[in-house]
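Subject: Structure for your files

Hello,

Please find the structure below. My notes on it come after.

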Amino acid sequence: MSMTMFWMIVGMGAVTYIPRLLPLIMLNTENWPKWSKRMLSRVPYAVLGALIFPGILTVHENLLFGLFAGVIAIVLASIGVPLIGVVGGAIAGLALVTYVF
């Protein structure tokens, strides 16, 4: 590895690390209003939904297969089934629909 490549890797690491470190150092999150803490606590769920939903639409050529599995997952999650059960139920439902049709 040449020195140029080494310094490029170090520079790229610094460029990605500094923006992540600065908010931790600069922001005091203990004094934020409750509404902002509540709003930020829901961001991971929104991001997870945004990441999963395109996959539901493209899981099969027929759009209804993915939507069917998504509905099964939503129903199982809403009744309080653990995450592994939600994933397993959606996969089992999709496998059953694929086997039947």
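**The chain as a whole**

Please keep in mind that this is a predicted model. The chain holds five helices and zero strands, so read from the N terminus the order of elements is simply α-α-α-α-α. The radius of gyration is 21 Å, whereas the globule rule gives 13 Å for 101 residues; the chain is therefore more spread out than a compact globule. Along the principal axes, its C-alpha atoms fill a box of roughly 60 × 45 × 20 Å.

Of the 101 residues, 12% count as buried.

**Helices H4 and H5**

Helix H4 covers residues 63-78 and helix H5 covers residues 83-100. They pack with their axes 8 Å apart, at an angle of about 145°. The crossing in which H4 passes H5 is right-handed.

Which residues in H4 and H5 meet? From H4 come Phe 65, Phe 68, Ala 69, Ile 72, Ala 73, Leu 76 and Ala 77. From H5 come Gly 85, Val 86, Gly 89, Ala 90, Gly 93, Leu 94, Val 97 and Thr 98. Sorted by type, the residues of this contact are eleven nonpolar and four polar, with no charged residue.

**Leu 67 and Ile 56**

Leu 67 lies in helix H4. Its relative accessible area is 32%, so Leu 67 is partly exposed. Leaving out residues up to four places away in sequence, Leu 67 touches Ile 56 and Leu 57. Leu 67 and Leu 94 are 27 residues apart in sequence, and their C-alpha atoms are 9.6 Å apart in space.

Ile 56 belongs to helix H3, which spans residues 43-57. With a relative accessibility of 22%, Ile 56 also counts as partly exposed, because the cut-off for buried is under 20%. With residues up to four places away in sequence again not counted, Ile 56 touches Gly 66, Leu 67 and Gly 70. From Ile 56 to Ala 73 the separation is 17 residues in sequence and 11 Å in space, C-alpha to C-alpha.

Gly 88 is in helix H5. Is Gly 88 buried, exposed or partly exposed? At 33% relative accessibility, Gly 88 counts as partly exposed. The C-alpha atoms of Gly 88 and Phe 68 are separated by 14 Å, and the two residues are 20 apart along the chain.

Where is the place of Glu 30? Glu 30 sits in the loop between helix H1 (3-26) and helix H2 (34-41). Its relative accessible area is 65%, and exposed means over 50%, so Glu 30 is exposed. Glu 30 and Leu 83 are 53 residues apart along the chain, with 30 Å between their C-alpha atoms.

That is what I have on this one.

Regards

Technical notes:
Residues numbered from 1 in each chain as written. Predicted model: local features only at pLDDT ≥ 70, side-chain atom pairs only at ≥ 80, totals over all residues. Heavy atoms only, no water. Axes fitted to C-alpha atoms, helices over the stretch in contact; angles between N-to-C directions. Helix = DSSP H or I, 4+ residues; strand = E, 2+ residues; numbered from the N terminus. Left-handed = near helix turned anticlockwise from the far one by under 90°. Contact = heavy atoms within 4.5 Å. Nonpolar A, V, L, I, M, F, W, Y, C, P; charged D, E, K, R; others polar. Rg over C-alpha atoms; globule rule 2.2 N^0.38 Å. Buried < 20%, exposed > 50% of the residue type's maximum accessible area, 1.4 Å probe, protein only.
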